[in-house]
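Subject: Handing over the two-chain model

Hi,

Here is the structure I promised to pass on.

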Amino acid sequence: MQQAVRFTRSIAVAVAMTLGLGLAATSQVHAFDSIEATVDYRKGVMRAIGGNTAALAAVIVDGADDYRANLAIHARYIVDMTKDIPALFPEGSDFGETGALPAVWENQEKYAELSENTHKAAVSLLSAIEGGDQDLGPRFRELGQSCRACHDDFRQRD
Amino acid sequence: MGGAKRLTRRGPWWSAPVLLGLALCLPSAAQAEHPDDELIKRGEYALHAAGCISCHTKKEDNAPFLAGGRAIESPFGTFYGPNITPDKETGIGNWSANDLARALTEGRGPDGRHYYPALPYTSYTRMKREDIEAIWAYLQSIEPVRQENKPHELVWYARFRPGLRFWNVLHLRPGEFVPRESESDEWNRGAYLVNAMGHCAECHTPRTRTGGLDPNRLFAGQRLGDDGSIPNITPDRDTGIGRWSGRHIMRYLDMGMDPDGDFAGGTMAEVIEHGTSHLSSEDQRAMAVYLMSLAPIRHDLSVPTHR
């Protein structure tokens, strides 16, 4: 009888421990997943910025004039999503499938400054588009230059 | 306004024509003082085309132009780009045009010592004498900066400079660029810009065990250990840039944007910033024409999409 009680107790302890460990492991997986999701989100946004930039180039530089009316849509996306680029790179999102260099977190001031330059360049392009400016090339160039300036020091080579 | 009126009223009748005459003379007087302006301008263009700036200027805000100090990492240690301003003591102020030609085409200093191939003389050896002379004229025209050269920090077996003589036997094929008669002027201009000036192959080609360019995989990119890889720029559709049009290549050289709207980073961002973005669109087009004419080489570097 006593043996049965002891056996039941050890089973209970084992179950509790397994559950406990399992729970801890689950929450770790969740934490890991959420960082992965952060990196995925960031990459998605960056790709979308790239896609909108490619669309802008096709119209502004290469003359796909049929889509001139869409220019503001593309530029506005870039304006909106560059408002706070550093927020896409929270602490702890510096591992896994990211091309971000440690400099993003080590030199946050410079990173914020270069991000701000990109935002300003996007705002200036959008206002030129909305103002009906026909010569958008130089402003588009400035936007591109700001992307490159940041990738120079803050993203792995590719 | 009032001042101008007073001056007109007070000045003698002949003052206007004389002043006008003087003003007309001034530009030609200035031209006579600097007969080499045109040459210097060509030299500045050639300096951009040859990509000299990023290795010879420190990578920091307001770094003195071309005064050296830039760290260049390599498997053999860290090289520091030297001062090439016309400062007589720390730069190249005591050099002649021939000294520069020797450095660029033979990899030797005025005192005869060997330079390391971190200076891409294996490519520059194809440079035309007229471009070297233009670069020389430009380098003499810039501000001399007194800044001592920083000694290279190399692994022990790379410190013995005379050993480079043997390296050169293996890897240096001296001689100016020879145009191919069967190809167009544009192709030849592109070949010259890519090979002699831009020295693209120096990074975009895997190296052999002795540190030379692998002749079978020219422009097919190289892996850099943990540091990622340098892309294959042959027109292979799967592993190179075979899906890029000439327009895409030109835009990349001009502003660093690839067909996906992504922008170059790292070393290539600097090559574009200080080099290819300064070239005329004709020259960018010539480079694209040449690159698109290369034989496609399949060389998978499995570059992940970095964001």
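Which residue forms a salt bridge with R70(B)? The partner is E270(B), with the closest N and O atoms 2.7 Å apart. A salt bridge here is a side-chain nitrogen of Lys or Arg within 4 Å of a carboxyl oxygen of Asp or Glu.

Before the rest, some housekeeping. This is a predicted model, where local features need pLDDT of at least 70 and side-chain atom pairs count only at pLDDT 80 or more, while totals for chains, interfaces and linings use all residues. Residues are numbered from 1 along each chain as its sequence is written, chains are lettered from A and ligands numbered from 1 in the order in which they are written, and side-chain values use heavy atoms, leaving out hydrogens and water.

**Inside chain B**

Chain B splits into domain 1 (34-176) and domain 2 (180-301), with bounds from an automatic or database domain assignment. Their centres, taken over C-alpha atoms, are 22 Å apart. The contact (heavy atoms within 4.5 Å) takes 21 residues from domain 1 of chain B and 20 from domain 2 of chain B.

Together the two domains bury about 1700 Å², with 56% of that from carbon and sulfur atoms. Buried area means the accessible area (1.4 Å probe) that two parts lose on being put together, summed over both. On the domain 1 side, Y45(B), H48(B) and A49(B) supply 31% of the area buried against domain 2 of chain B, more than any other three residues.

The count between these domains is 2 salt bridges. There are also 14 residue pairs in polar contact, both residues at pLDDT 80 or more. A polar contact is a pair of N or O atoms within 3.5 Å; within protein, one must be able to donate a hydrogen and the other to accept it, and residues adjacent in sequence count only if both atoms are side-chain atoms.

**Between the chains**

Now for chain A: 28 of its residues are in contact with 32 residues of chain B. The two chains bury about 2600 Å² between them, 50% of it on carbon and sulfur atoms.

This interface has 8 salt bridges. R148(A) forms a salt bridge with E273(B), and their closest N and O atoms are 2.7 Å apart. The rule also finds 13 residue pairs in polar contact across the interface of chain B and chain A, both at pLDDT 80 or more.

Cheers
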